[in-house]
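Student: Hi, I have a model open here and I'd like to talk through it. Could you help me read it?

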Amino acid sequence: MKIKGQHYHTIWIKGDEPATVQIIDQRKLPFFFEVIDLKTPEDAYLAIKDMAVRGAPLTGITAAWGMYLALAGFRGRDLQGYMKKTASYLKSARPTAVNPGFTIDTVLNFIICEKSASDMIEKTFDKVKKLEEDEINYSNKIGDFGLTLIENIYRKKRERVNILTHCNAGWLACIDWGTATAPVYKAQLRGIPVHVWVDETRPRNQGARLTAYELGEEGVPHTVIADNTGGHLMQHGLVDLVLVGSDRTTVSGHTANKIGTYLKALAAYDNKIPFYVALPSSSIDWSVEDGLNEIPIEERGSEEVAEIEGWSGKDIKKVRLVPDNCKTANYGFDVTPSRLITGLITERGICKAEKSSILNLFPEKQELCTK
Ligand code: MRU
């Protein structure tokens, strides 16, 4: 998608340096646009952990490039042992999204099976590039399938379609298009009038800072709202559709996404508003059924809740919000039970948030279901 009219992906290889990966530093957006170099697996780990990159698909691809950087820089004897250790290290950066686990294991298994060392670096490069291209295709397809939902609403309503979203499940969380935002961009391209209610998404404000930024750059009308506003808007008929992303969806359809998603699902359910989760298959955990008890929920530093970061007029500043020495808790994600989800928008189509319906779209994944 575009920044200042120029097309960008969120991650790419630096010009003629195949062992340097570049990312947009999302900690600085929307105030500064800065690109940083990743040259080692440690750089990739820190970019994920400190949220220079974030969002389930993008952390997955960054971790895969981290595996590639580890291989490219390897000078020791026990390659397999080193790559296995690097895999566990990269997986530990953030625990909730399943995408890094999927991409890291894909690259690790490829390296382990590919015994000849000679052209392994190039082959692994191609493998990661393919994972990246797959993610772009998934988002594109999610956009096409999600568009049909917006078209149906518009056909009946004949007025602007109001969509509420939480956090940033946009192209900044992916490689291109986004998941929850992809149908919105496609609708805009089709000439359907859309408007997005953007939850600010405390504590890190990914909605206010990132979703508002990317929608603005694409010219999509939007309004940032305080996190607690959605229920009120729904009660007053101001939301036609809720579209959110996923960090990990179980094979039964339970979905972990940014903290506060569950409350939006409850409000949507009470007001009979369709609530859809847009996700690529790389965000489905085929080995887990029970979302509430089996998905690890990341807890982050208390300063993210105790402080708020913004633009002072000169630079990015943090200020304290709470009394000195105040105790805070910072759960990064919550789980929305499948019964509150109208449907899942995937790269293969829209299905119910239930095992048989999901496996109907992805029959080859049945063998990965361990329960
Ligand atoms: O903590 P973050 O910013 O990584 O959380 C991101 C989200 O919760 C997104 O909604 C999710 O990763 C889906 S991204 C397409």
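**Cavities and their linings**

Tutor: About 60 Å³ of space lies in the second largest cavity, where a cavity is a set of points on a 1 Å grid over the protein atoms alone at which a 1.4 Å probe fits but cannot get out, and lining residues have an atom within 4 Å of a point. A volume is the space filled by probe spheres set on the points, which are joined across faces, edges and corners. This is a predicted model, in which local features need pLDDT of at least 70 and side-chain atom pairs count only at pLDDT 80 or more, while totals for chains, interfaces and linings use all residues. Residues are numbered from 1 along each chain as its sequence is written, and side-chain values use heavy atoms, leaving out hydrogens and water.

Student: Which residues line that second largest cavity?

Tutor: Its lining includes M51, R94, R202, K258, E304 and G332.

Student: OK, and how much space lies in the largest cavity?

Tutor: The largest cavity holds about 240 Å³ of space, and among its 29 lining residues R54, G55, A56, D247 and F333 lie nearest its centre.

Student: Which domains does that lining draw on?

Tutor: At least three residues come from each of domain 1 (2–134) and domain 2 (145–368), with bounds taken from an automatic or database domain assignment.

Student: How many cavities of 30 Å³ or more does the structure hold?

Tutor: The structure holds three cavities of 30 Å³ or more.

Key
1 Å grid on protein atoms, 1.4 Å probe; cavity = no way out; pocket = protein on both sides within 12 Å on 5 of 7 lines; lining within 4 Å.
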